[in-house]
Amino acid sequence: MNPDNTGNHPVSEVEIATSGTVVHLKGYGFIKVFQVVAKDGDIQYWATNDLGMSEPKRLKMAFAWTIEEYHRGLPAVLRSRAQRNHIGLAIRAFLRNKALSAVDCANSQIFQQ
């Protein structure tokens, strides 16, 4: 990365603002880099070609990416049809339970008025 036109540097040596930093990536062009520090001190770097991306939008995209990784990993874990059926029905029951609890909550608020 070349953040200040002084030559390429590893991303770990570049100061990254909390709102992200726009840098030039050799062979690609300008990107915006975010630094994410986990509770255990582990550091990850996120890069995007959306130079206008904000931290809240990055968090939203990070959540979507975890769902994508979850869906991608399911076939590797679920080898047999019985396993797939069991997990699928468990997820369906969980989502139906959440939907019903949301309806119950909304109904109780309507009747309290």
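Two strands count as paired if DSSP finds at least two bridges between them; strands (E, at least two residues) and helices (H or I, at least four) are DSSP runs, numbered from the N terminus. The model is predicted: local features need pLDDT of at least 70, side-chain atom pairs count only at pLDDT 80 or more, and totals for chains, interfaces and linings use all residues. Residues are numbered from 1 along each chain as its sequence is written, and side-chain values use heavy atoms, without hydrogens and water.

**Exercise 1.** Trace the pairing of strand β2 with β1 and β3.

Solution. 
1. Strand β2 covers residues 29–37 and pairs with β1, residues 21–25, in the antiparallel sense over five bridges. In this pairing V23 has I31 of β2 as its bridge partner.
2. Three residues separate β1 and β2 in their hairpin, and G27 in the turn has a positive phi of about 85°.
3. β2 also pairs with β3, residues 43–48, again antiparallel, over six bridges. Here Q35 stands opposite Y45 of β3.
4. The β2–β3 hairpin has five residues between its strands; G41 in the turn has a positive phi of about 95°.

**Exercise 2.** Locate the nonpolar surface patch and classify F94.

Solution. 
1. Y70, I91, F94 and L95 form the patch, with about 380 Å² of accessible area together (Shrake-Rupley, 1.4 Å probe; for residues, only the protein chains shown count as cover).
2. Helix α2, residues 81–112, gives the largest share, three residues. F94 lies in this helix.
3. F94 counts as partly exposed because its relative accessibility is 48%, between buried (under 20%) and exposed (over 50%).

Conventions: Patches are made of residues with over 30% relative accessible area and no salt bridge: like charges are joined within 9 Å, nonpolar side chains (Val, Leu, Ile, Met, Phe, Trp, Tyr) within 5 Å. A salt bridge is a side-chain nitrogen of Lys or Arg within 4 Å of a carboxyl oxygen of Asp or Glu. Buried means under 20% relative accessible area, exposed over 50%, partly exposed in between (1.4 Å probe, protein chains only).
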